[in-house]
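These are my notebook entries on a structure that I went through piece by piece. I wrote down what I looked up and what I found, in the order in which I looked.

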Amino acid sequence: MIVRVLLFARYREAAGSDSIEVMVSQDATLEALWYAVREQVPALCGEGAPLMALDCAYATGDRRVGEGQEVAFFPPVSGG
Amino acid sequence: MAALCRITEDPIHPDELARAVAGPDRGALATFAGLVRDHHGGRKVVRLEYEAYVEMAERVLLEIAEEASRRFGTPHVAIAHRVGRLAIGETSVLIAVAAPHRREALAACAFAIDRVKERAPIWKKEFYEDGAVWIEGPEIVEGRAEAP
């Protein structure tokens, strides 16, 4: 399945876009999606674990992603 | 619960948030404002840019307001956070809590700003005279130098 992944802040700048599409197997985990993102965006290859969100809620890498769900990866937050 | 939680590109007006939480049974209004500071780690900051995952950030702000309400028994909480380009001295975040008495209002306000800094998917980029850096959590990541 093709999943559109949202990227923010430094990740967005590294990718040159606020989202990218990745091809992964059905029911892939967030971790697998992050791996696929890094294959497309070499600038992110050196990154450790990002923060991950599934449908606008924080999620861990072992969560499985279904068709049509919203996925986002981003660096540590710094609001305030 | 009266919760006004939003991400906004427009300047934040403290009075508007205060009005949103005030009521005749509330004798205390605690507010916290975060302002853009002109220095960080010995470097002169000329401006900031905030970026948010808006849809998620508004949900997280609402969760924080609800959590503060539950913990401190203060159902009237408002949180607003700016995004976009901010000049020195502008308000980046404002929290207002109204409660019958000061103690719970102050405690809920302090709790809420700590949680916003930990949880809300918002990022700050500092612009200096000779470059710019994304702030990530408590650490600075050296970014590509950019014209201010």
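This is a predicted model: local features need pLDDT of at least 70, side-chain atom pairs count only at pLDDT 80 or more; totals for chains, interfaces and linings use all residues.

**Entry 1: a strand pair in chain B.** I began with strand 8 and strand 9 of chain B, which pair in the antiparallel sense over 5 bridges. As a reminder to myself, strands of a sheet pair through backbone hydrogen bonds, either parallel or antiparallel.

Entry 2: For chain B the pLDDT averages 92, and 91% of the residues score at least 70. Residues 143-148 of chain B are a stretch where the pLDDT is below 50, and in the model this stretch has 12 contacts beyond near neighbours in sequence.

**Entry 3: where the two chains meet.**

Entry 4: I then traced an open sheet of 5 strands in chain A, with the order 2-1-5-3-4 and mixed pairing. Its edge strands are strand 2 (19-23) and strand 4 (57-59) of chain A, each of which pairs on one side only. From one strand to the next, the twist averages 35°. Strand 1 (residues 2-7) and strand 2 of chain A pair in the antiparallel sense over 5 bridges, and among the residues involved, A:Val5 has A:Ile20 in strand 2 of chain A as its bridge partner. Helix 2 (residues 30-40) of chain A lies across strand 1, strand 2, strand 3 (51-54), strand 4 and strand 5 (71-74) of chain A, and runs at about 110° to strand 2 of chain A.

**Entry 5: the largest nonpolar core.** Which residues touch the most other members of the largest nonpolar core? I found A:Val5, B:Ile79, B:Val97 and B:Ala112, out of 60 residues in this core. Helix 2 of chain B gives the most to this core, with 8 residues. In soluble globular proteins, nonpolar side chains tend to be buried together.

I followed two of these residues further. Leaving aside neighbours within four places in sequence, B:Ala112 is in contact with B:Ile64, B:Ala65, B:Ala68, B:Val77, B:Ile79 and B:Ile95. B:Val97, which is placed in strand 7 of chain B, is buried because 31 other C-beta atoms lie within 10 Å. With the neighbours within four places in sequence again left aside, the contacts of B:Val97 include B:Val21, B:Ala30, B:Ala68, B:Thr74 and B:His76. B:Val97 and B:Ala68 are 29 residues apart along the chain, and their C-alpha atoms are separated by 9.4 Å.

**Entry 6: B:Thr91.** Is B:Thr91 buried or partly exposed? B:Thr91 lies in strand 7 (residues 91-99) of chain B and counts as partly exposed, because it has 17 C-beta neighbours inside 10 Å, where 20 or more would be needed for a buried residue. Not counting residues up to four places away in sequence, B:Thr91 touches B:Ile12, B:Ala33, B:Gly34, B:Leu35 and B:Arg82. B:Thr91 and B:Thr8 are 83 residues apart in sequence, yet 11 Å apart in space from C-alpha to C-alpha.

**Entry 7: positive phi values in chain A.** A:Ala9, a residue other than glycine, has a positive phi near 55°. A:Ala9 lies in helix 1 (residues 9-15) of chain A, and it counts as buried because it has 26 C-beta neighbours inside 10 Å. A:Cys56 is not a glycine either, and its phi is positive at about 65°. A:Cys56 sits in the loop between strand 3 and strand 4 of chain A, and with 18 C-beta neighbours inside 10 Å it counts as partly exposed.

Key
Residues are numbered from 1 along each chain as its sequence is written. Chains are lettered from A and ligands numbered from 1 in the order in which they are written. Two strands pair if DSSP finds at least two bridges between them. Helices (H or I, at least four residues) and strands (E, at least two) are DSSP runs, numbered from the N terminus. Axes are lines fitted to C-alpha atoms, for helices over the stretch in contact, and angles run from 0 to 180 degrees between N-to-C directions. Two residues are in contact if their C-beta atoms, placed from the backbone, lie within 7 Å. pLDDT is the predictor's confidence in each residue, from 0 to 100. A nonpolar core is a set of buried Ala, Val, Leu, Ile, Met, Phe, Trp, Tyr and Cys residues joined through C-beta atoms within 7 Å. A residue is buried if 20 or more other C-beta atoms lie within 10 Å of its own, exposed if 12 or fewer, and partly exposed in between; C-beta atoms are placed from the backbone.
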